[in-house]
Amino acid sequence: MNTLVYCGSMKEGILTWLLDETARTFTPATQALAAPWKSFFLAAHPTLPLLYSLDLPRGLVCAFAIETGGALRLLNEVPSSGGAPCHLEADAEGRFLLVANYNGDPAIFPLDEQGRLGPAASTFHLEGSGPDAKRQTHTHPHGINLTPEGAWVSDLGTDRISALTIAPGTLALAEDAARSVSLQPGDGPRHLALSPCGRFAAVVNELSNTVTTFRREEGGALTVLSTRSTLPAGYGETTHTAEIAFHPSAPAIYATNRGHDSVAILPFDAHSGALGEARFVASPGKPQALALNQAGTLLLVANMEGGTVSLFAVDPATGQLEEAPLAVQAVDAPATLLLATKS
């Protein structure tokens, strides 16, 4: 099976290539969209051949049509209603798009029947700060995830997962304090992922270099279950986590370490939600993003400062990675990855 890979670069626009999942090889990368777009995060429309991208430096949310061969054609772009847009997610029915603005607020954008973006329908201003005098002087929404009840915002600046409601029709955002949860001071939550069964969630904490798991209670509240380091015992160099993902079937969670330059693989108990001690596979060049194929047999890692995307084999039963990559793709400053099945 061939999978179309999109890679957002902070220097080259958006690149694409084919991943042959059977042969476990890449085709050479081609430019799907040239600069000036600097793509920090990508998301797909749930039903249409469309791609959404965040241009972090210019503060834009962009909609693109996917054309034959994977090329992208701009449909439209709108201001992100905040500074440094860094994460986004489209709802399952293609009605709206949520965006986290790192230097601003979470925002919601209506989508028309063709998937074009409307201006922001609503934003919601979060309040607070944290103990880190450099990174937590005010709120920093870094990740946003849809839930049946609304959305969760991972706020690096306040050490909090803030729950939002989304009003039908108007798309007005409001906070739901009963579903919100605070983490340890100085954790700096960055991105959150839901488990395949939907009963659990996990967040990667950028400042404390940890992963925290939660049980998703009836009604959508989060209960903290377990926290584990993403680093070896005694590691003292400067490093920050970036991305997190559940394996689709194996009992494992992955997190990237920028500085330690590794992918941490944490055993995950699908019954209790507890985490085991991490194992590590080296990924030089400050690994930023990661993406798993649907079968859970391959993992792609974008090494932002190293200028490479590495392909690792995954044991689908345990989630463990082979030590050496199967293939490496050269990309200047890769920031995000998105896989789309083609054939």
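A: With aromatic pairs: rings of Phe, Tyr and Trp pair if their centres lie within 6.5 Å, and planes over 60 degrees apart count as edge-to-face. The model here is predicted.

Q: How many aromatic pairs does this rule give?
A: The count comes to 3 aromatic pairs. One of them joins Trp-17 and Phe-26, edge-to-face, with 5.6 Å from centre to centre and 70° between the planes.

Q: Is Trp-17 buried or exposed?
A: Buried means under 20% relative accessible area. Trp-17 is buried because its relative accessibility is 2%. Phe-26, at 17%, counts as buried too.

Q: Which parts does the pair of Phe-200 and Phe-268 tie together?
A: A pair of aromatic rings is described by the distance of the centres and the angle of the planes. For Phe-200 and Phe-268 these are 5.5 Å and 85°, an edge-to-face pair. Phe-200 belongs to strand S19 (residues 200–205) and Phe-268 to the loop between S24 and S25, so the pair links parts 68 residues apart in sequence. Phe-200 is buried at 1% relative accessible area, and Phe-268 is buried at 7%. Ring pairs also bring Phe-246 into a cluster with Phe-200 and Phe-268.

Q: What is the order of the strands in the open sheet?
A: Strands of a sheet pair through backbone hydrogen bonds, either parallel or antiparallel. Here 4 strands follow the order S22-S23-S24-S25, with antiparallel pairing. At the edges, strand S22 (240–246) and strand S25 (279–282) each pair on one side only. From one strand to the next, the twist averages 25°.

Q: How many bridges join S24 to S25?
A: Strand S24 (residues 262–267) is joined to S25 by 4 bridges. Ala-264 stands opposite Phe-280 in S25.

How values were computed. Residues are numbered from 1 along each chain as its sequence is written. This is a predicted model: local features need pLDDT of at least 70, side-chain atom pairs count only at pLDDT 80 or more; totals for chains, interfaces and linings use all residues. Side-chain values use heavy atoms; hydrogens and water are left out. Two strands pair if DSSP finds at least two bridges between them. Helices (H or I, at least four residues) and strands (E, at least two) are DSSP runs, numbered from the N terminus. Axes are lines fitted to C-alpha atoms, for helices over the stretch in contact, and angles run from 0 to 180 degrees between N-to-C directions. Rings of Phe, Tyr and Trp (its six-membered ring) pair if their centres lie within 6.5 Å; planes under 30 degrees apart count as stacked, over 60 as edge-to-face and the rest as tilted. Buried means under 20% relative accessible area, exposed over 50%, partly exposed in between (1.4 Å probe, protein chains only).
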